[in-house]
Structure formats: structure tokens, C-alpha cells
Amino acid sequence: LEIILKPYNWATKDMGKMLGGDEEKDPDADKKEEERLEAIRQEEEERAGKYAKIEAEREIMRQGIRDKYGIKKREEQEAEAQAAMEAQAEGSLTRPKKAIPAGCGDEEEEEESILDTVLKYLPGPLQDMFKK
């Protein structure tokens with residue numbers, strides 16, 4: 001009778017673990033997980049610092065080239081173009097269409113369908129026939 005019970009107890013213990021029952025947890029598991037997450041965070045910070053340093057060096061080189069050839073940054077060019085457009089539109093009564101904000105005034109009329117356009121050019125009796 002003892003021989004039969006020993007394998008039975010062993011099987012239920014392992015089956016309980018597989019089914020999500022009481023498992024023996026490593027007491028240092030939480031500590032190890034925290035250390036692992038901390039190591040990952042530090043590696044990401046180092047990587048970000050490395051790439052920030054590389055990008056700063058590249059920007060210094062780009063600025064040297066811009067200064068040498070008299071090229072402006074895109075942001076500066078766009079800002080100057082915007083300022084020129086606003087200065088041009090300030091005292092003017094007729095502003096360029098791009099300077100008018102969307103939704104202010106000039107709303108376009110609905111386009112007529114082709115059938116409406118054709119009906120305009122038909123004689124009166126034919127127009128009445130198509131309208132009915």
C-alpha cells in the first residue's frame with residue numbers, strides 16, 4: 001500500500017505545479033528581477049547618452065559646413081518665409097489666399113453637376129421635361 005501512494009503523491013505535486021498551484025518560489029526572485037530591470041535601464045541611459053554625444057558632434061560638423069557655404073537651417077528658412085508672408089500681408093487689403101485662415105469668409109459654392117450645366121443650355125420646353 002505504501003508503494004502505491006508514493007508515486008501518487010509525487011504525481012499530484014507536479015500536476016499541481018503545472019496547473020498553477022502552489023509553486024516553490026525563489027526567495028531572491030524579486031531582487032533578481034529588480035536588478036535585471038535596473039541593468040536594462042542603465043544600458044538604455046548609456047546608449048541614449050552615446051547617441052546624444054554623436055548627434056551633437058554631427059551637428060557641430062553640419063554647422064561648420066553651413067557657415068562655410070552660407071547655408072541656413074531649414075527651420076530658419078521656413079521662419080523667414082513665414083515672416084515675409086506675414087509682413088507682406090499686414091498692410092495690404094488683398095492678402096494672398098494662403099495668408100487667409102481656413103474658415104474665414106470665402107467659402108466656395110457647391111459645384112454644379114454636369115446634368116445641371118447641360119440643362120441650362122437646353123431650350124425651355126426641354127428643361128421643363130427634364131425637371132419633372
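Colleague: Why is Gln-63 called partly exposed?
Modeller: Its relative accessible area is 30%. Buried means under 20%, exposed means over 50%, and partly exposed is what lies in between, with a 1.4 Å probe and protein chains only as cover. Gln-63 at 30% therefore counts as partly exposed.

Colleague: What kind of model is this, and what is counted in it?
Modeller: It is a predicted model, in which local features need pLDDT of at least 70, side-chain atom pairs count only at pLDDT 80 or more, and totals for chains, interfaces and linings use all residues. Residues are numbered from 1 along each chain as its sequence is written, and side-chain values use heavy atoms, with hydrogens and water left out.

Colleague: Where does Gln-63 sit?
Modeller: Gln-63 is in helix α2. Helices are DSSP runs of H or I with at least four residues, strands are runs of E with at least two, and both are numbered from the N terminus. On that basis the chain has five helices and zero strands. The C-alpha of Gln-63 is 8.8 Å from that of Lys-73, 10 residues apart along the chain.

Colleague: How do you know that the span of α2 is close to the expected one?
Modeller: The expected span is 1.5 Å times one less than the number of residues. α2 has 41 residues, and its first and last C-alpha atoms are 60 Å apart, close to the 60 Å expected. Gly-70, with a positive phi near 70°, follows α2.

Colleague: What makes Glu-55 and Arg-58 a salt bridge?
Modeller: A salt bridge is a side-chain nitrogen of Lys or Arg within 4 Å of a carboxyl oxygen of Asp or Glu. The closest N and O atoms of Glu-55 and Arg-58 are 4.0 Å apart, and the pair is counted as a salt bridge. Both residues lie in helix α2, three residues apart, about one turn of the helix. Glu-55 also bridges to Arg-62, with closest N and O atoms 2.9 Å apart.

Colleague: Which parts of the chain does the bridge between Glu-59 and Lys-73 link?
Modeller: Its closest N and O atoms are 3.5 Å apart. The pair links distant parts of the chain, Glu-59 in helix α2 and Lys-73 in the loop between α2 and α3 (74-90), 14 residues apart. Glu-59 has 25% relative accessibility, so it counts as partly exposed; Lys-73, at 28%, also counts as partly exposed. The whole structure has nine salt bridges.

Colleague: What makes the nonpolar surface patch, and how is Met-61 classed?
Modeller: Patches take residues with over 30% relative accessible area and no salt bridge, joining like charges within 9 Å and nonpolar side chains (Val, Leu, Ile, Met, Phe, Trp, Tyr) within 5 Å. Met-61, Ile-65, Tyr-69 and Ile-71 make the nonpolar patch, of about 460 Å². Met-61, in helix α2, is exposed because its relative accessible area is 59%.

Colleague: Which residues form the patch of negative charge?
Modeller: Asp-28, Asp-30, Glu-34 and Glu-35 gather in that patch on the surface. Asp and Glu count as negative and Lys and Arg as positive, while His and the chain ends are not counted. Glu-35 lies in helix α2 (residues 29-69), and its 48% relative accessibility makes it partly exposed.

Colleague: How many residues does the chain have, and what share counts as buried?
Modeller: Of the 132 residues, 3% count as buried.

Terms used:
Areas by Shrake-Rupley, 256 points an atom, 1.4 Å probe, with all protein chains shown as cover. Charge placed at Lys NZ, Arg CZ, Asp CG, Glu CD.
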